[in-house]
Amino acid sequence: MRQHRTPRLLGTLLLVAAAGVSVAGAAHSESGRTATPLGQVVPAPASVHAGGSPYRITDGTRIRVEDSPQARRVGAYLADVLRPSTGYRLPVTTHGTGGIRLRIAAGSTGTEGYRLDSGRSGVTITAAAPAGLFHGVQTLRQLLPAAVEKNSVQAGPWLVAGGTIKDSPRYGYRGAMLDVSRHFFGVAQVKRYIDELALYKVNKLHLHLSDDQGWRIAIDSWPRLATYGGSTQVGGGHGGYYTKADYKEIVRYAASRYLEVVPEIDMPGHTNAALASYAQLNCNGTAPPLYTGTDVGFSSLCVAKPVTYDFVDDVVRELAALTPGKYLHIGGDEAHSTSHADYVTFMDKVQPVVAKYGKTVIGWHQLTGAHPVKGAIAQYWGLDDTSATEKAQVAAAARNGTGLVLSPADRVYLDMKYTADTPLGQDWAGLVEVKRSYDWDPGAYLPGAPASAIRGVEAPLWSETIVTGADIDYMTFPRLPGAAELGWSPASTHDWDTYKVRLAAQGPRWEALGIGYYRSPQVPWPTA
């Protein structure tokens, strides 16, 4: 059963705002309800100037949009969020004055930035592109009471504090990864995850589509990859895979939330599902059995065989044709049964295939031990105490033009246990409580890597122990919003003491959304 909890007043704490965020005077009361201060948003906005009277959404409020399909879609999305809980009609229209206005206009906000102006007469969100409008709508949601997220009519009033937010992201790549290979998650569950990510302005969904335990995407030219290689998962059981129509639906839905899907086919290691499906991909010509365990590093495509590159070409060609986004992830981690020479040979042959089909290469940071192609991105998943030699190799590649997405396992791997008592997850990278997952700076994390090389941050969720949607929610929240803030907010706003207060205010919103989360003792959650 869902329970609505009213956030306790955080006025004095919120006056101790992060640098560049002024929330003093943001809260004004009307009908006994205090408006959420403008600076209480996650991720922290770039700048906040609070003041003036709040706007109150009423049964006379209209959502005014410009006459363009993109603006209409964002307006319809906002109406769908607000109607069930307010009980108001909230027509989306191109006419009238006042109310909530969504406006596309050239400006300095970039493609994802926005400006939100609120006062007694209405709220206006202005952006240079539809993605910015959408991100501004997520901010507006958080400025309304948590009960706005419920699916039944709730008591108002629905107040938006007065003032102005000007906001744009620090990094262009703000991702989350879902491992659908160890355990398979269907289209409906992936859509739910997309909606959860969108609330925090995440703009990349990295899908780990293949591994030793399962192949999850239909490939017409190699059909047994899905029908046989996708037939099981960790611990046994049915497994599953996405048809091409399923994958297109995920891509379409993600795009409607302004997320880009980044598909990953992990190779040359983590390939037992493929090797089991086609004997000719093995050096000895014999297919191994399907695998349902959790060990890593034992499988490898046969680097010397020409058929291996026919296979790679076909898979990349078909997957690239389904994927409108610019990236295709080729894995490359934990290839322990592939010699270094073979690994380099393989990556040198495979990276041009990705470019051939119009995509930019992303690989795990072991790619930097080969020859990253121009424009490639390496995804760093090492630890704070990873060897200086390995870090230096990644940093050298960054200095030579390879972009970096940071996913340090002992910081933002969402499958790491919070504490020793966490019932789900792993602990090989250590225990990762909420403060640890937030309290680091991507721009200064990797010694020797220029700040200009950092493309962004991604929080991966590996699924060895993750079986249900409830498992996803519990391990994702409350850590995912911190990773999202590291990717979006200016470094000057990063401060644990103020962040944990803003994070605490998200708890009632998750409850209203039906998200079961870990109530970390490090966070001052509201009491009932």
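C283 and C302 form a disulfide, with their sulfur atoms 2.0 Å apart. A disulfide here is a pair of cysteine sulfur atoms within 2.5 Å. A search of the whole structure finds 1 disulfide. This is a predicted model: local features need pLDDT of at least 70 and side-chain atom pairs pLDDT 80 or more, while totals for chains, interfaces and linings use all residues. Residues are numbered from 1 along each chain as its sequence is written, and side-chain values use heavy atoms, leaving out hydrogens and water.

**Disulfide**
- The torsion about the S-S bond of C283 and C302 is about 100 degrees, so the disulfide is right-handed.
- C283 and C302 both lie in the loop between α7 (272–277) and α8 (306–322), so the pair ties together parts that are 19 residues apart in sequence.
- Helices (H or I, at least four residues) and strands (E, at least two) are DSSP runs, numbered from the N terminus.
- C283 counts as exposed at 58% relative accessibility, whereas C302 counts as buried at 3%.
- Buried means under 20% relative accessible area, exposed over 50%, and partly exposed in between (1.4 Å probe, protein chains only).

**Aromatic pairs**
- Rings of Phe, Tyr and Trp (its six-membered ring) pair if their centres lie within 6.5 Å; planes under 30 degrees apart are stacked, over 60 edge-to-face, and the rest tilted.
- By this rule there are 26 aromatic pairs.
- One of them is tilted: Y77 and F134, at 4.8 Å centre to centre and 50 degrees between the planes.
- Y77 lies in helix α2 (residues 69–86) and F134 in helix α3 (residues 130–143), so this pair ties together parts that are 57 residues apart in sequence.
- Y77 is buried, with a relative accessible area of 10%; F134 is buried at 1%.
- The ring centres of F184 and Y242 are 4.8 Å apart and their planes at 50 degrees, so that pair is tilted.
- F184 sits in the loop between β13 (173–179) and α4 (187–198), and Y242 in the loop between α5 (224–227) and α6 (244–256), so the pair ties together parts that are 58 residues apart in sequence.
- F184 and Y242 are both buried.
- Ring pairs also link Y200, F477, W510, Y517 and W525 into a cluster.

**Charges over rings**
- A charge sits over a ring if NZ of Lys or CZ of Arg is within 6 Å of the ring centre and within 35 degrees of the ring normal.
- K349 lies over the face of Y309, at 4.6 Å from the ring centre.
- R479 lies over the face of Y418, at 3.8 Å from the ring centre.

**Cavity and pocket**
- On a 1 Å grid over the protein atoms alone, a cavity is a set of points where a 1.4 Å probe fits but cannot get out; a pocket is an open set with protein on both sides within 12 Å along at least five of seven lines; lining residues have an atom within 4 Å of a point.
- Grid points are joined across faces, edges and corners, and a volume is the space filled by probe spheres set on the points.
- There are 2 cavities of 30 Å³ or more.
- The second largest cavity holds about 30 Å³ of space, and α14 (479–488) gives the largest share of its lining, 4 residues.
- Residues lining that cavity include R174, E458 and L480.
- The second largest pocket has about 430 Å³ of space.
- Its lining has 20 residues, and V81, R141, E149, D195 and L513 lie nearest the centre.
- α2 gives the most to the lining of this pocket, with 4 residues.
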